[in-house]
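I opened this notebook to record what I looked up in the structure, one topic at a time.

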Amino acid sequence: MRIIAAVLVWVVIIGLVVSFQNYSKAQSQKLWHGQDTPIELSQILYTLELTATFAPASDSFALTVSEVKSEPLQITMAGKSLISAALDLQPGKPQLTDLDGIVVGHNELLVKALVPQSYSGTSQALRAVVYANGAIIAQETFWSVPGGDITGTLNFEVKKERVQHDSH
Amino acid sequence: MSFWKFILLSIFFLASPALTLVYAYEAENRLLIIASTTQVADFARVITGDRCEVRCVLAPGADPHTYEPTPDDIALVMKADLCLQNGLGLEGKNWMSNLAKGAGKKVIVCTDGIEPLATAAEGQQIADPHAWFSPANAAAYVNNITREILTLDPSGKDYYLARSSFYLDQLRLLDSWIKEQVNLILPDKRVLVTGHDAFNYFCREYRFNPANNYMSLAPVGWSTGSEVGAGMTPQRRKQVVDGLKKAGARAVFVETSINPKLIREIAAQAGIVVGGELYSDSMGDAGTDAQSYIGMMQANVLTIVEALR
């Protein structure tokens, strides 16, 4: 009898936790997809939040060929920069910037940050979070090997059906 | 023989020579780059890949300070689309520059933009040409070569930039790896004595020879030739032996491109061992661990660390 009671209590606890998780997820999806109030893709504001353990900077190992200089921090997709202004990222301080050029379908952001030689002894990290109208749609933390740069990709989908539906 | 077999065989026998000719034509029409030293040639090969043919005047193990160009070198440079030299006087009596000038070819100085380390000799300040011993300087070589190649062959821009960028990342990792390896030696035990003064940039970058202002210790000056500040002097030899005793050095190192007799005598005089052979003015033969710049640096560092730690 006691065993059955214990199992029932556990089932109730786990059920509540799972329900809460589902509810939170649904709320987040709702905010992102805007099911209650349909919105155009052009009306969605994409924002990128970056937090690094270091200050990206060019150093002796940067490509310095006149027309193509290595920017200390690059956020690109299909070879095009998605950030319009250079960011002055400081260790531990999150920085927000607008993202231009997000497309319907699969988006793959290349995140590249030059880690200066002064940080060469340890691994460094860069956290990137993409928001759509304030809701998180993708996030990733990238790590460098000691002495190496940070290069990684952040992948997320922008649903086509939603946009087609919204355009009517 | 059936009709279709005949057709297939005909296509095969006609296509083979045609493809061979196309391949030969492409190979023949690649840009030809002539480099003076093995290090510079390696950088150029890494950047240009299959789009250019890179040939080196010096063979692995040859001494650039005392090299005398041959008629074959003149013929080679005559065919070049671009010539590359280290500069800062590494090529004794400017032999590469003279070869290029004689053939009417453009020559690029790969050390352009590098702040040279200077040593004083006979009242003169002499720029040390062995700049590639700092991977950060090697990055400057790569940028200089890339810049020139882009002008020469703009259609390959994306290809060259992608290769250069990848190689610069490798150099960055090499620098980090060297720091990690060198850290295995106590700072006071980092005494590097070599055949000639080729390791100033290395000593400065990785904190060797603190008692000598982080500069190289060697019985022979910056060049093995007869230039100012070059060659062996009794004072220099005495300074090295005294330095070895004072620092309690564990080993000295011979160089692959220099006669090891002198350094072996010094080792015997100071009562220490020869720690191994280092690549200095030239990389290793094809098939050895030092056939590339990165391989050469790794081989040197492993030899030094194993002997001094």
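**Entry 1: domains of chain B.** Into which domains is chain B divided? I noted first that the model is a predicted one. I then found domain 1 at residues 26-174 of chain B and domain 2 at residues 184-308. I looked up the separation of their C-alpha centres, which is 24 Å. Across the boundary, 31 residues of domain 1 of chain B are in contact with 28 residues of domain 2 of chain B.

I next asked which elements give two or more residues to the side of domain 1 of chain B that touches domain 2 of chain B. They are α2 (38-48), β5 (118-121), β6 (124-127), α5 (135-152) and α6 (157-182) of chain B. The largest share, 4 residues, is that of α2(B). I recorded the classes on this side of domain 1 of chain B as 13 nonpolar, 14 polar and 4 charged residues.

**Entry 2: helix α10 of chain B.** I looked up helix α10(B), which covers residues 293-308 and has 16 residues. From its first C-alpha to its last it reaches 23 Å, close to the 22 Å expected at 1.5 Å a residue. The buried residues of α10(B) include B:Met296, B:Met297, B:Val301 and B:Ile304, and B:Asn300 is also listed among them. I checked what covers these buried residues and found, among others, α2, α5 and α6 of chain B, together with β7 (251-255) and β8 (273-278) of chain B.

**Entry 3: the sheet in chain A.** I traced an open sheet of 4 strands in chain A, in the order β3-β2-β5-β8, with antiparallel pairing. Why does one side of β3 and of β8 of chain A lack a neighbour in the sheet? Both β3 (80-81) and β8 (150-158) of chain A stand at the edges with a single partner strand each, so one side of each is left without a neighbour. I counted 9 bridges joining β5 (residues 105-113) of chain A to β8(A).

**Entry 4: the contact between chains.** I found 12 residues of chain A in contact with 17 residues of chain B. The chain A side has 5 nonpolar, 6 polar and 1 charged residues.

**Entry 5: confidence in chain A.** The mean pLDDT of chain A is 82, and 80% of its residues reach 70 or more. I marked residues 34-39 of chain A, where pLDDT stays under 50, and residues 163-168 of chain A, where it is below 50. Where pLDDT is low, predicted coordinates should not be read in detail.

How values were computed. Residues numbered from 1 in each chain as written. Chains lettered and ligands numbered in written order. Predicted model: local features only at pLDDT ≥ 70, side-chain atom pairs only at ≥ 80, totals over all residues. Domains from an automatic or database assignment. Contact = placed C-beta atoms within 7 Å. Nonpolar A, V, L, I, M, F, W, Y, C, P; charged D, E, K, R; others polar. pLDDT = per-residue confidence, 0-100. Expected span 1.5 Å × (residues − 1). Buried ≥ 20, exposed ≤ 12 C-beta atoms within 10 Å, placed from the backbone. Pairing = 2+ DSSP bridges.
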